Amino acid sequence: MTVQLKNGFLKQHVDNTVFTNQPVKLLVVNLMPNKLETERQFVHLFSHLSMDVEVTFLRMATHHSKHTPEAKLQQFYAVLADIYDRHFDGMVVTGAPVEELQYKQVDYWNEFKTLLNWRHDHVRESIFECWAAQAGIYADFGINKRIISQKLFGVYRCRIDQQTELTAGFDQLSMPQSRHTTLGHINDPQLDVLASDPEAGPVVLASKQTHSTYLSGHPEYETNTLFNEFNRDREKGLPIQLPKNYFSASKPTNTWQNDSIRLYDNWVHSLLRVRV
Ligand SMILES: CC(=O)SCCNC(=O)CCNC(=O)[C@H](O)C(C)(C)COP(=O)(O)OP(=O)(O)OC[C@H]1O[C@@H](n2cnc3c(N)ncnc32)[C@H](O)[C@@H]1OP(=O)(O)O
Ligand SMILES: N[C@@H](CCO)C(=O)O
């Protein structure tokens with residue numbers, strides 16, 4: 001369906017057609033350094049959903065980017081102060097390459113916690129991905145992440161642990177993972193593990209109390225994203241192994257896109273139920 005961008009670097013390239021019916025209003029908090037690529041991935045994913053979507057992109061005001069000129073960020077992105085009095089059907093918070101830092105070392109950590117408090121009165125449902133999922137679980141439940149000896153890197157096909165509105169239609173669920181940290185066993189009655197994998201751990205978690213879903217991976221990743229990250233890390237001399245369950249006939253193969261579309265489609269439909 002249609003994706004209308006209210007801002008973001010991509011807005012200048014995407015025709016903003018008029019909607020046929022009321023769109024789902026999403027706030028996408030882009031923590032990734034490769035902001036344009038990340039925008040493109042989410043817009044591509046949202047364009048496959050069965051609902052019209054209106055997207056507002058947000059950045060962290062307290063983070064000063066090394067790789068993106070501040071003037072461009074100010075021109076194309078909103079900060080929390082700009083949208084503080086607005087309301088959204090959903091909020092998506094992207095991953096960030098900072099999982100090996102302690103939360104207090106992340107320069108926007110206090111602003112991140114402010115955002116989480118703000119969401120309770122301004123957002124119906126939220127999705128947190130990768131680092132943001134671990135950070136959200138830590139802020140919401142006090143459950144900390146732990147560093148793993150080798151980067152969890154590849155496509156993991158998870159079992160469904162709980163059938164809910166979000167996991168409807170899934171027998172298993174594939175999701176790209178790219179992280180140096182993980183969550184251990186979850187034992188909080190307010191936090192449900194909906195899908196998991198023996199190696200990746202909890203992959204889809206949800207809480208009715210926080211109106212939030214926490215995804216340990218990156219459903220939005222394009223076919224070549226993991227391969228690009230592999231080549232980047234190898235060129236930087238970082239310890240990295242080829243992504244698991246990712247190549248077919250020596251080519252990157254996208255086995256997760258349909259699952260990602262179904263997962264996010266289930267989520268946006270749940271926003272409408274909450275809206276009425
Ligand atoms: C097994 C163990 O005990 S861990 C041992 C090895 N691991 C570590 O030492 C962890 C600490 N280091 C790291 O994680 C990484 O070096 C980082 C993330 C700190 C820096 O990453 P680098 O690849 O050097 O690149 P760089 O410094 O340009 O940061 C890349 C992006 O990471 C994010 N980032 C980096 N540092 C921070 C920070 N302190 N706060 C918030 N975001 C940050 C930003 O998005 C940044 O890009 P941007 O400024 O354009 O938005
Ligand atoms: N893990 C990603 C960052 C966001 O998870 C990377 O290696 O760039």
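Contact here means heavy atoms within 4.5 Å. The structure is a predicted model.

**Helix H5 and its cover**
- Helix H5 spans residues 131-141.
- H5 is mostly covered, with 8 of its 11 residues buried.
- The buried residues of H5 are Trp131, Ala132, Ala133, Gln134, Ala135, Gly136, Ile137 and Phe141.
- Glycine 142 follows H5 and has a positive phi, near 75°.

- A pair of aromatic rings is described by the distance between the centres and the angle between the planes.
- Rings of Phe, Tyr and Trp are paired if their centres lie within 6.5 Å, and by this rule there are 23 aromatic pairs.
- One of them joins phenylalanine 9 to phenylalanine 76, edge-to-face, at 5.2 Å centre to centre with 65° between the planes.
- This pair links distant parts of the chain, 67 residues apart: phenylalanine 9 is in the loop between strand S1 (3-5) and strand S2 (24-29), and phenylalanine 76 is in helix H2 (residues 70-76).
- Phenylalanine 9 has a relative accessible area of 10% and is buried.
- Phenylalanine 76, with a relative accessible area of 12%, is buried too.
- Beyond its neighbours within four places in sequence, phenylalanine 9 is in contact with Lys35, Leu36, Glu39, Thr68, Lys72, Leu73, Phe76 and Tyr77.

**Aromatic pairs: tryptophan 109 and tryptophan 131**
- Planes over 60 degrees apart count as edge-to-face. The rings of tryptophan 109 and tryptophan 131 have planes at 75° and centres 6.4 Å apart, so this pair is edge-to-face.
- Tryptophan 109 is in helix H4 (residues 109-122) and tryptophan 131 is in H5, so the pair ties together parts 22 residues apart in sequence.
- Tryptophan 109 is buried, at a relative accessible area of 8%.
- Tryptophan 131 is buried, at 0% relative accessibility.
- Both tryptophans belong to one aromatic cluster, made up of Tyr103, Tyr108, Trp109, Phe112, Phe128, Trp131, Tyr138, Phe141 and Tyr214.

**Charges over rings**
- Lysine 145 lies over the face of tyrosine 103, 4.3 Å from the ring centre.
- Arginine 262 has its charged end over the ring of phenylalanine 170, at 5.7 Å from the centre.

**Arginine 59**
- Arginine 59 is in the loop between strand S3 (53-58) and H2.
- Buried means under 20% relative accessible area; arginine 59 has 8% relative accessibility, so it counts as buried.
- Its side chain makes a polar contact with the side chain of glutamate 70, at 3.3 Å.
- A polar atom of the arginine 59 side chain also lies 3.5 Å from the backbone oxygen of leucine 73.
- Not counting residues up to four places away in sequence, arginine 59 touches Lys35, Glu70, Leu73, Gln74, Tyr77, Ala78, Val79 and Glu111.

**Ligand 1**
- There are 15 residues around ligand 1, and His63, Ser65, Lys66, His67 and Lys236 come nearest.
- Histidine 63 has a side-chain N or O atom 2.9 Å from an oxygen atom of the ligand.
- For serine 65, the corresponding side-chain distance to a ligand oxygen is 2.8 Å.
- For histidine 67, a side-chain N or O atom lies 2.7 Å from an oxygen atom of ligand 1.
- Ligand 1 taken alone exposes 960 Å², and the protein buries 61% of that.

- Most residues other than glycine have a negative phi.
- Alanine 249 has a positive phi, near 55°, and is placed in the loop between strand S11 (247-248) and strand S12 (251-252).
- Serine 250 has a positive phi of about 65° although it is not a glycine, and lies in the loop between S11 and S12.
- Alanine 249 is exposed, with a relative accessible area of 72%.
- Serine 250 is exposed, with a relative accessible area of 70%.

Note on methods: Residues are numbered from 1 along each chain as its sequence is written. Chains are lettered from A and ligands numbered from 1 in the order in which they are written. This is a predicted model: local features need pLDDT of at least 70, side-chain atom pairs count only at pLDDT 80 or more; totals for chains, interfaces and linings use all residues. Side-chain values use heavy atoms; hydrogens and water are left out. Rings of Phe, Tyr and Trp (its six-membered ring) pair if their centres lie within 6.5 Å; planes under 30 degrees apart count as stacked, over 60 as edge-to-face and the rest as tilted. Helices (H or I, at least four residues) and strands (E, at least two) are DSSP runs, numbered from the N terminus. Buried means under 20% relative accessible area, exposed over 50%, partly exposed in between (1.4 Å probe, protein chains only). A charge sits over a ring if NZ of Lys or CZ of Arg is within 6 Å of the ring centre and within 35 degrees of the ring normal. A residue is near a molecule or strand if one of its heavy atoms lies within 4 Å of it. A polar contact is a pair of N or O atoms within 3.5 Å; within protein, one must be able to donate a hydrogen and the other to accept it, and residues adjacent in sequence count only if both atoms are side-chain atoms. Accessible areas come from the Shrake-Rupley method with a 1.4 Å probe; for residues, only the protein chains shown count as cover.
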